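Here are my notes after a pass through this one. I start with the aromatic rings and then move on to the ligand.

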Amino acid sequence: MKKIVSLLIITILMISCTTAEIPLAGQVPITRNITYTQDIQPIIFNNCLTCHSSVNPRNGLILETFIQVKNSAQNGTLIARMNDAANPMPQSGLLTADKRALIDKWRTDGYLK
Ligand code: HEC
């Protein structure tokens, strides 16, 4: 009887181990849809507009509207530069991984407004 009980316990332990989800290192996967209005606009407004508004836009790049940001993400280098540790945007350094993950997910979801 003791043997059966310990076998049962071992079996349960094995099952619970194999079905347990292993979280990605320090990052929760984003499961909802990411939209410009809800998620992306605040990031751009808080981190980019000091240099990329219509008043003296650096490199001529204006990031004030959905169309402008979408265009730079889709056809320009916005996403690449935001993830380029050697030459980051903003110039002061990479934004946090969770902010950059939101931008990546926005692209995956098809640049929703
Ligand atoms: C402190 C000023 C400053 C901030 C803040 C800043 N940029 Fe820039 N950005 C520049 C300058 C200057 C250049 C041109 C030189 C270069 O490419 O490094 C540039 C160039 C770029 C380029 C490449 C050129 C182009 O026309 O496509 C992209 C894309 C860009 N920035 C996106 C962003 C994004 C996105 C943010 C915010 C997450 C941001 N920048 C924040 C100053 C800034």
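1. Aromatic pairs first. This is a predicted model, and searching the whole of it turns up three aromatic pairs. One of them is Tyr36 with Phe66: the ring centres are 5.4 Å apart and the planes sit at 65°, so this one goes down as edge-to-face, being over the 60 degrees that the label asks for.

2. Next up, Trp106 and Tyr111. Their ring centres are 5.0 Å apart, and with the planes at 90° the pair is edge-to-face. Trp106 has a relative accessibility of 0%, so it counts as buried. Tyr111 has a relative accessible area of 10%, and because the cut-off is under 20%, Tyr111 is buried as well.

3. Taking the rings together: Tyr36, Phe66, Trp106 and Tyr111 form a cluster, linked by ring pairs.

4. While you have helix H2 on screen, have a look at Asp39, which lies in that helix. Its relative accessibility is 8%, so Asp39 counts as buried. Which side chain does Asp39 pair with in a polar contact of 2.8 Å? The partner is Arg32, side chain to side chain.

5. Two elements give two or more residues each to the shell around the ligand: helix H3 (49-52) and helix H5 (78-82).

6. Which residues come nearest to the ligand? There are 17 residues around it, and the nearest are Cys48, Cys51, His52, Arg81 and Met89. Sorted by class, the shell is made up of eight nonpolar, seven polar and two charged residues.

7. His52 puts one at 2.8 Å from a ligand nitrogen atom. Arg81 has one at 2.8 Å too, but from an oxygen atom of the ligand. For Asn59 the distance is 3.3 Å, again to a ligand oxygen atom. If you want to go through the site by eye, I'd bring up His52, Arg81 and Asn59 with the ligand, as each has a polar side-chain atom at the distance given above.

Notes
Residues are numbered from 1 along each chain as its sequence is written. This is a predicted model: local features need pLDDT of at least 70, side-chain atom pairs count only at pLDDT 80 or more; totals for chains, interfaces and linings use all residues. Side-chain values use heavy atoms; hydrogens and water are left out. Rings of Phe, Tyr and Trp (its six-membered ring) pair if their centres lie within 6.5 Å; planes under 30 degrees apart count as stacked, over 60 as edge-to-face and the rest as tilted. Buried means under 20% relative accessible area, exposed over 50%, partly exposed in between (1.4 Å probe, protein chains only). A residue is near a molecule or strand if one of its heavy atoms lies within 4 Å of it. A polar contact is a pair of N or O atoms within 3.5 Å; within protein, one must be able to donate a hydrogen and the other to accept it, and residues adjacent in sequence count only if both atoms are side-chain atoms. Helices (H or I, at least four residues) and strands (E, at least two) are DSSP runs, numbered from the N terminus. Ala, Val, Leu, Ile, Met, Phe, Trp, Tyr, Cys and Pro count as nonpolar, Asp, Glu, Lys and Arg as charged, and the others, Gly among them, as polar.
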